[in-house]
Amino acid sequence: MVVDGTRLPRYQADIGVKDGLVAKIGNLRAHQAKKTIDAGGHYVVPGFVDLHTHYDAQLFWDPYCTISSWHGVTRS
């Protein structure tokens, strides 16, 4: 399952990684890969997931307390 931080529901997909970065997401062919990893039954979350955030200071500049991923903590 992929959780990509775009506020879309999680989805099942293959992920292609090249030089340490996500290169493709979708239905990829295993025979084209140098190495495959079966992540079935796991979540793949590219970027950073902040499970512990203090929003107290953020209230001064963001009255909506928007989620951390909206502040650029992930990259593609």
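Predicted model: local features only at pLDDT ≥ 70, side-chain atom pairs only at ≥ 80, totals over all residues.
The chain contains zero helices and two strands, where helices (H or I, at least four residues) and strands (E, at least two) are DSSP runs numbered from the N terminus. Residues are numbered from 1 along each chain as its sequence is written, and side-chain values use heavy atoms, with hydrogens and water left out.

Of the 76 residues of the chain, 8% count as buried (buried, under 20% relative accessible area; exposed, over 50%; partly exposed, in between; 1.4 Å probe, protein chains only). Among contacts (heavy atoms within 4.5 Å) between residues at least 6 apart in sequence, 32% join residues at least 24 apart.

The largest pocket has a volume of about 1100 Å³. Of the 27 residues that line this pocket, I15, G16, V17, L28 and K35 are the closest to its centre. The elements giving two or more residues to the lining are β1 and β2, and β1 gives the most, with five residues. By class, the lining comprises twelve nonpolar, eight polar and seven charged residues; Ala, Val, Leu, Ile, Met, Phe, Trp, Tyr, Cys and Pro count as nonpolar, Asp, Glu, Lys and Arg as charged, and the others, Gly among them, as polar. A pocket is here an open set of points on a 1 Å grid over the protein atoms alone, where a 1.4 Å probe fits, with protein on both sides within 12 Å along at least five of seven lines; lining residues have an atom within 4 Å of a point. Points are joined across faces, edges and corners, and the volume is the space filled by probe spheres set on them.

Two aspartates were examined individually. D19 lies in the loop between β1 (14–18) and β2 (21–26). Its phi is near 55°, a positive value in a residue other than glycine, and D19 is exposed, with a relative accessible area of 74%. D38 is located in the segment after β2 and likewise counts as exposed, at 71% relative accessibility. The side chain of D38 reaches the backbone nitrogen of G40 at 2.9 Å. D38 and D14 are 24 residues apart in sequence and 9.6 Å apart in space, C-alpha to C-alpha.

Key:
Polar contact = N/O pair within 3.5 Å; in protein donor to acceptor, adjacent residues only side chain to side chain.
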